[in-house]
Amino acid sequence: MSTPWTCPDCGRQFARKHQRHVCGTGDAADVLKGRPPTTVALYRALEAEVRAFGEVEVVARDRYALFRTRRIFADLNVMRDALRLAIHLPDRVDEPRFFKVVADGHKVTHVTHVRLLQDIDGVRAHLRRAYTYSLR
């Protein structure tokens, strides 16, 4: 495993030297400002779920949040009535919940909507697997 690179300006660590990024992690409160309470509750539940896996950095900007360890393992866009969740796995998973699946050579991104708390239950194992994969 290579030694992580630390940005001298913000102190965040990355897998690649001189990783392009925006310094700082933002604030989820800004992402959730003005959103319906049900959407805020979904986001809070999903964030709590991924933080329970271990050390996770959450980067929040505008309408999106990234969940990362050494690498991003999931990201989401906050929509009016749902979270558009992208989970980055090492291989393809064929499940109806994923309405878009895209391979880029290093990972396979699986996209779903989270509209109910039960939807988090349905992706929990995939999120955990993505988290573990991101530690490699």
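Is Ala-52 buried or exposed? Ala-52 is exposed, at a relative accessible area of 61%; exposed means over 50%, buried under 20% and partly exposed in between, with a 1.4 Å probe and protein chains only. I will come back to that residue.

First, the basis. This is a predicted model, in which local features need pLDDT of at least 70 and side-chain atom pairs count only at pLDDT 80 or more, while totals for chains, interfaces and linings use all residues. Residues are numbered from 1 along each chain as its sequence is written, and side-chain values use heavy atoms, with hydrogens and water left out.

Now the overall layout. The protein chain has three helices and eight strands. Both kinds of element are DSSP runs numbered from the N terminus, helices being H or I with at least four residues and strands E with at least two. Read from the N terminus, the order is β-β-α-α-β-β-β-β-β-β-α. Of the 136 residues, 40% count as buried. Among contacts with a separation of 6 or more, 49% are between residues 24 or more positions apart, where contact means heavy atoms within 4.5 Å.

Which residues of α3 are buried? They are Ile-120, Val-123, His-126, Leu-127, Ala-130, Tyr-131 and Ser-134. As background, an α-helix has 3.6 residues a turn, so residues three or four places apart point the same way. The cover over the buried residues of α3 includes α2 (37-51), β5 (72-78), β6 (83-89) and β8 (108-114).

Take α2 from that list. The axes of α2 and α3 come within 11 Å and cross at roughly 25°. Axes here are lines fitted to C-alpha atoms, for helices over the stretch in contact, with angles from 0 to 180 degrees between N-to-C directions. The angle therefore makes α2 roughly parallel to α3, the cut-off for that term being under 35 degrees. On the α2 side, the residues that meet α3 are Ala-41, Leu-42, Ala-45, Leu-46, Glu-49 and Val-50. Their counterparts in α3 are Leu-117, Ile-120, Arg-124 and Leu-127.

Ser-134, also in α3, is buried at 2% relative accessible area. Leaving out residues up to four places away in sequence, Ser-134 touches Thr-69, Arg-70, Arg-71 and Phe-73.

Phe-73 brings up Lys-107: the two are 34 residues apart in sequence, and their C-alpha atoms are 9.6 Å apart. Lys-107 sits in the loop between β7 (100-103) and β8 and is partly exposed at 25% relative accessibility. Its contacts, neighbours within four places aside, are His-88, Leu-89, Val-102 and Tyr-133.

Back to Ala-52, in the loop between α2 and β3. Its C-alpha is 9.6 Å from that of Arg-128, 76 residues away along the chain.

One backbone item to finish. Most residues other than glycine have a negative phi. Asp-62 has a positive phi, near 45°. Asp-62 is in the loop between β3 (57-61) and β4 (64-68), and is exposed, with a relative accessible area of 67%.

Technical notes. Angles under 35 degrees count as roughly parallel, over 145 as roughly antiparallel, 65 to 115 as roughly perpendicular and the rest as oblique.
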